[in-house]
Amino acid sequence: HELIGGQKLKEQKDGSLLFEAQIAQLPELVPHILRWMPHVTVLGPAELKEEVMSRVKGYIDKQN
């Protein structure tokens, strides 16, 4: 099932999956990443990593 058209999933030697996709804007990918939490690591680009971290921190702050 494709989340984003043209996506590529590559299984790594350690059993993890590398997800690759071309998108128009980073915000369209963030909801998909958050669905995979906590089983996802954003490697890049830096702006995407920062946006995901900001949203996760915001959710945690709401719980405290």
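Predicted model: local features only at pLDDT ≥ 70, side-chain atom pairs only at ≥ 80, totals over all residues.
## A first look at the pocket, ring pair and core

Strand E2 gives the largest share of the lining of the largest pocket, with four residues.

**The largest pocket**
- The volume of the largest pocket is about 660 Å³.
- There are 24 lining residues, and those closest to the pocket centre are Leu17, Leu18, Phe19, Trp36 and Thr41.
- By type, the lining divides into 16 nonpolar residues, seven polar and one charged.

**The aromatic pair**
- You will find one aromatic pair in the structure.
- Its rings belong to Phe19 and Trp36, with centres 5.5 Å apart and planes at 70°, which is over the 60 degrees needed, so the pair counts as edge-to-face.
- Phe19 sits in strand E2 (residues 17–20) and Trp36 in the loop between helix H1 (30–35) and helix H2 (46–63), so this pair links distant parts of the chain, 17 residues apart.
- Phe19 is partly exposed, at 21% relative accessibility, and Trp36 is also partly exposed, with a relative accessible area of 32%.

**The largest nonpolar core**
- Eight residues make up the largest nonpolar core: Ile4, Leu29, Val30, Ile33, Leu34, Val42, Leu48 and Val52.
- Helices H1 and H2 are the elements that give two or more residues to this core, and H1 provides the largest share, three residues.
- As general background, nonpolar side chains tend to be buried together in soluble globular proteins.
- Val30, one of the core residues, is in contact with Leu48, Glu51, Val52 and Arg55, leaving aside its neighbours within four places in sequence.

Terms used:
Residues numbered from 1 in each chain as written. Heavy atoms only, no water. Phe/Tyr/Trp six-rings, centres within 6.5 Å; stacked < 30°, edge-to-face > 60°. Buried < 20%, exposed > 50% of the residue type's maximum accessible area, 1.4 Å probe, protein only. Core = buried A, V, L, I, M, F, W, Y, C linked by side-chain atoms within 4.5 Å. Contact = heavy atoms within 4.5 Å. 1 Å grid on protein atoms, 1.4 Å probe; cavity = no way out; pocket = protein on both sides within 12 Å on 5 of 7 lines; lining within 4 Å. Points joined across faces, edges and corners; volume = space filled by probe spheres on them. Nonpolar A, V, L, I, M, F, W, Y, C, P; charged D, E, K, R; others polar.
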